[in-house]
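Here's a quick briefing for anyone opening this structure for the first time. Have a look at the model, then read on.

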Amino acid sequence: MNQNSTGYQQPPEPINSLLNAPSTPLVSLAPTQDKLLLLSQPSLPPIEELAQEELRLAGIRINPKTNGSSRSQYYNKLELTDGKTISPIKKLPRKAKLKHLSWSPDGSHIAFTQTKEKGLELWVANLETLEAKKLTKPILNSAITGLPYSWLSDSKTIVFKAIPKGRGRKLKLDVLPKGPIIQENKDKTSAVRTYQDLLRNVEDESRFEHYTTAQLKSITLDGEEKKLGEANMIRAFSPSPDGKYLLVYTIQKPFSKVVLYDRFPFHVEIWNREGEVIKTIAKVPVADDIPTGFGAVRKGARSFTWRTDVPATLYWVEALDGGDPKEEADFRDQLFAWKAPFGAAPKPSIKTELRLGALRWGSDDLAVTVEWQWKNRQMRTSVFSPNQPEKGKKLLFDRSWEDQYNDPGDFETIRNKYGRRVLLLGDEGKSMFLLGDGASPNGKFPFIDKLHLDSLEKQRLWQSEAPYFESPMAILDVKKLRVLTLRESAKEQPNYVIRDLVTGSLTSMTHFPHPYESLKGLKKEIIRYKRRDGIELNGKLYLPIGYDKDKDGRLPVLLWAYPREFKSAEVASQITDSPYQFPHLSYHSPLHLLTQGYAVLEGFSMPIIGEGDEEPNETFTEQLIMNAKAAIDTLVDMGVADRKRIAVGGHSYGAFMTANLLAHTNFFAAGIARSGAYNRTLTPFGFQAEERTFWEAPETYIKMSPFTHADKIKTPLLLIHGEADNNSGTYPMQSERLYSALKGQGATVRLVMFPHESHSYQAEESLKHMHWETVSWLNRYV
């Protein structure tokens, strides 16, 4: 392969064919829980799709022609199955580019959008007749991320965001500047993380207002359309469960040039079905002064949401510590409730000692709260009575979220008559159900538990058994104990089955074939080993199909990882994978290299541990080196790896890891770093799990930055980056500057910049070229 060739290149076979292979359909369970919707996706999009005009405004990326997201994945075929027959949805649009799919509350219809050249149309499909029809012209406004429409509880009406009538498709602006761009700060602390796509000038502000301004409308399945309220910059909206009210967020001016749109000022209002504002709940100011650190939140009210189990009761949270987790406080948050018709004053509900995270609603007497605290990774799960909050909370679990072995699982929910998720209750409201991964020293074995609320005792109803890995997806019948699971093995493609927990019988719901014929027989082994300080580590070792150690000898190996920070050495050693899972081959996966004679150690342990008051990153480099050396020594001792032919690679923080390992060791023959950040002084207000600023820990920032050690990198390094990367901190400039530094030091380095690509690459041309670059680089240096 000539790596100096110009233009996009094709990877060798069978990698090229693997990338062209059709993907397995995604699956969505009907609200009636008796059918599955199969959603097929087309092959990889061409680069011309990503190359369309794109506006990058305050954290959103808009295609001005469609007024929707400029980077979307679509479905091109919809099918319904009951496990016995598969029925296609007919009369779909030609050249289907379907997105934003959702079920009606009663499960009789699905709605979705169709992306046309000049906009998004709203469609519905009747699941009795299996026929689709168009409801609107291409007028939907989907500029802001999220579903641009919502079903009402009657399953006959949809509320959607439309482009205001009479608004021009494209905003015409005077390109001649009126003056300099000025920002000023006076005595206000505004420490924010490093964001891309911020508003830069008044022209950007005009574009943002133009494309986010939307008109709410309602439309029935018969096509009867009605305007609701006045056009505004609608950030989001949500109908009450009974469909009588709308909770509407409207963005306000002035905009900010230092934070993304979700921190802009906004108003929270309650509208009636006619679009009239009946209450203004809150006027929230710009949030450019949120304190630093994880667990910091806005001052005042936040997280407005409808209670899902009653017709129309609004809840929200207010910080009691000024939003600053560093402040001493007996209570961090207060929950408030306001019941329709919103005449009386809102009522205070429970207070939480930690930061309030999730809420799950069940009944007047039962709701679940999840609280958390960053500094010790603490997570508390409790129950309380929404109608009698003065009784306080009853603690269920108090644990570290890092501890996978003691993870109790997530509470199962079910759709109610409003189409909203509520807790699934058993024994007349006296028990709930937990679905968990079941991590253990022997691997993951998913389970279903029943939690008895009176005694808080857990009853194991079922657990996956070797040689299968079977994950519970939904409890279909709480009395008959019928469960939908996703069942797979090391050799068998995942498929959906209905499991009877009483009899143990299985009923197949899908029959997906093996997705990659050329990799049939691929084996995965979870290997275990220790690093120098005694910390137990593990990794997933894949060997080329048909490999015989005695006959084939030692192999070239790629080590691929992503570092993670831990506050406990014990939990850092936990096994969080299963030897019985089917190997998943994503478009970005390094496992494609198995077809070229390489072994791959994927996801090998890269824990960075700091117990007690010690910050993990204080010994980041030292721990990286210990982790890598332990993995290499193990592979060499196994007789699998040739010590002189080992490469290391990673994506994002894994790329950062790669550059650091090459700067501080001579373990490797080559490195591959994709979409990384290499100079931490360019992310001065924190990165990854580091919440200290550069000025609080300058030595740590500098020591961790491979850019400052570029003169030590002597190993050949392949740098790959998307020119349009919008991930916080990983500016494309990070790779460009490291390349320049290495080139200036005479290092062997190659920089590949993909036009129009973001943090993860999407276009067929880009992904195929990425694999071509990878194989070429490893063949040359490994």
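Let's start with S102: beyond its neighbours within four places in sequence, S102 is in contact (heavy atoms within 4.5 Å) with H109, I110, A111, L147, Y149 and W151. Keep in mind that this is a predicted model, where local features need pLDDT of at least 70, side-chain atom pairs count only at pLDDT 80 or more, and totals for chains, interfaces and linings use all residues. Residues are numbered from 1 along each chain as its sequence is written, and side-chain values use heavy atoms, with hydrogens and water left out.

**More on S102**
- S102 sits in strand β8, residues 98-103 (strands are DSSP runs of E, at least two residues, and helices are runs of H or I, at least four, numbered from the N terminus).
- S102 counts as buried because its relative accessibility is 14%, and buried means under 20% relative accessible area with a 1.4 Å probe, protein chains only.
- The S102 side chain makes a polar contact of 3.0 Å with the side chain of Y149 and another of 3.3 Å with that of W151; a polar contact is a pair of N or O atoms within 3.5 Å, one able to donate a hydrogen and the other to accept it.

**Helix α9**
- Helix α9 has 13 residues (732-744) and should span 18 Å at 1.5 Å a residue, which agrees with the 19 Å between its end C-alpha atoms; the expected span is 1.5 Å times one less than the number of residues.
- Its buried residues are P732, Q734, S735, L738, A741 and L742.
- Those buried residues pack against α7 (653-664), β46 (717-722) and β47 (749-754).
- After α9 comes G746, with a positive phi near 80 degrees.

**Spaces inside and open**
- The structure has three cavities of 30 Å³ or more; on a 1 Å grid over the protein atoms alone, a cavity is a set of points where a 1.4 Å probe fits but cannot get out, while a pocket is an open set with protein on both sides within 12 Å along at least five of seven lines.
- The largest cavity holds about 70 Å³ of space, and α10 gives the largest share of its lining, three residues.
- The largest pocket has a volume of about 1100 Å³, where a volume is the space filled by probe spheres set on the grid points.
- Lining residues have an atom within 4 Å of a point; the largest pocket has 39 of them, with S23, T24, Q41, H584 and Y587 nearest its centre.

Conventions
Buried < 20%, exposed > 50% of the residue type's maximum accessible area, 1.4 Å probe, protein only.
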